[in-house]
Amino acid sequence: MLFSQKTKGFFVEFNDQAVMLARTSAVTLPFAVEDMRECPPNDPAALEEAIKQIQPKRSPSGYLHAAVGVYSGKRLVRRHALELKRLKEAGYFPEVFSQQFRIEQDKYFIAILNASDGSDYDLNKAATKDVLFCGMPNDEIVTLQTSLLASGIYPERLELGTVSMLGGVVDCLNFTKSKTPTLVLEIGTDSTHSFIVSAGGVEASRPIPQGLDAMVPIVQKELGLKDEESAKKLFYSNTFDFTGMGPLLTKRLLKELQSSIGFYEVQTGQSVGQVLTTQLSPKLAWLDAAIASALGITSLKLDPAAWLHSRQISLPDMLAKNAQDIRWFGLLSLMAHYNNTVPAAHGAPVPEEKK
């Protein structure tokens, strides 16, 4: 059959730490996850091998047709309260983008979503003021698509990994009936994207211009290392236990996070009770516990199997442990489709998705 490759679904996520790949038993729901693999970022040979493993039988086109999640360094994922009376003004949105987000509107591809459920925001109805602006630079989209094709991947769908991940966390909190506002962190090399989410949607967002590299000079100073390169190698390796230095390394980041949490708690009267850090390599996983401890809250541990089942995605036992590693959550969220209703509890009948 000429289009037999269409009987399988493929999902790929590119983040700062790794390339994650998965194969599913079908392209559309319901389906089962059949395989999950990863390889280092910026390693074309390793990616080529991973694609061969995830798709043993090459498609007639020669490409891996996949849904792709990316984490652009210049991504825009910001919650904002619109001034509904000004929506029809020609200069309103350019003003929001330049003054609030420090970007030029014409250089970005931007979508506006409802902050509560991630559905497309209807500017004509303008029923609510709380929205999520999501986007990335136009030139980066072109570069990404060219790079993906050169790697042998044809993006059937290109998404901001942050957006699908946040959708997954919100839906998961709904599924577990959790009422606890949750701090979600994507700590990258140069910056950190922080969000406060609940079962009711994305409640707050804040980009912080500090990432992992900002911790390296502190490592150098505290350990008396001769240069920053040595400190960097040690920090990103797993040969030294940095847990004790956690409060010192995260001090500047914590100050920003405490400011965000404090503002949210004063505004809403609700307390942020848990943290989820999604982008850390296994060697830096200790940072999540260090941040939770410093903020006096708990680390949220997600076991996505039951939630995925509620979304008509089955996970075999051999992959269940893999999926418990939070680094896979973004890729798994890329698979799910939401119909803006609370998912069925584990064991209850699963409703049909809206067509």
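## Paired strands at the start of the chain

Two strands are said to pair if DSSP finds at least two bridges between them, and in this predicted model strand β1 (residues 9-14) and strand β2 (residues 19-24) pair in the antiparallel sense over 6 bridges. Within this pair, F10 has R23 of β2 as its bridge partner, and the two strands are joined by a hairpin of 4 residues. Strand β1 is mostly covered, as 5 of its 6 residues are buried.

β1 also has a parallel partner, strand β4 (residues 64-70), to which 4 bridges join it; here F14 stands opposite V70. β2, for its part, pairs with strand β3 (residues 31-39) in the antiparallel sense over 6 bridges, with C39 of β3 as the bridge partner of V19, and a hairpin of 6 residues leads from β2 to β3. β3 pairs in turn with strand β14 (residues 313-314), in the parallel sense and over 2 bridges, and the bridge partner of F31 in β14 is I313.

## An open sheet of mixed pairing

Elsewhere, 5 strands form an open sheet with mixed pairing, in the order β11-β10-β9-β12-β13. β11 and β13 (298-299) stand at its edges with a single partner strand each, so one side of each is left without a neighbour in the sheet. Strand β12 (residues 274-277) and β13 run parallel and are joined by 2 bridges, with Q274 standing opposite T298 of β13.

Two helices pack on this sheet. Helix α4 (residues 161-175) touches β9, β10, β11 and β12, and its direction makes about 30° with that of β10, while α8 touches β9, β10 and β11, its direction making about 150° with that of β11.

After the helix comes G269, whose phi is positive, near 75°.

## Salt bridges

How many salt bridges does a search of the whole structure find? The search finds 17. In one of them the side chains of R23 and D35 meet at 3.9 Å, N to O; R23 lies in strand β2 and D35 in strand β3, so the pair ties together parts that are 12 residues apart in sequence. R23 is buried, with a relative accessible area of 16%, and D35 counts as buried at 11%. A network of salt bridges links K8, R23, E34, D35 and R37.

Another salt bridge joins E38 and R327 at 2.8 Å, N to O. E38 lies in strand β3 and R327 in the loop between α11 (317-324) and α12 (329-335), so this pair ties together parts that are 289 residues apart in sequence. E38 is partly exposed, with a relative accessible area of 37%, whereas R327 is buried, at 11%.

Conventions: Residues are numbered from 1 along each chain as its sequence is written. This is a predicted model: local features need pLDDT of at least 70, side-chain atom pairs count only at pLDDT 80 or more; totals for chains, interfaces and linings use all residues. Side-chain values use heavy atoms; hydrogens and water are left out. Buried means under 20% relative accessible area, exposed over 50%, partly exposed in between (1.4 Å probe, protein chains only). Contact means heavy atoms within 4.5 Å. Axes are lines fitted to C-alpha atoms, for helices over the stretch in contact, and angles run from 0 to 180 degrees between N-to-C directions. A salt bridge is a side-chain nitrogen of Lys or Arg within 4 Å of a carboxyl oxygen of Asp or Glu.
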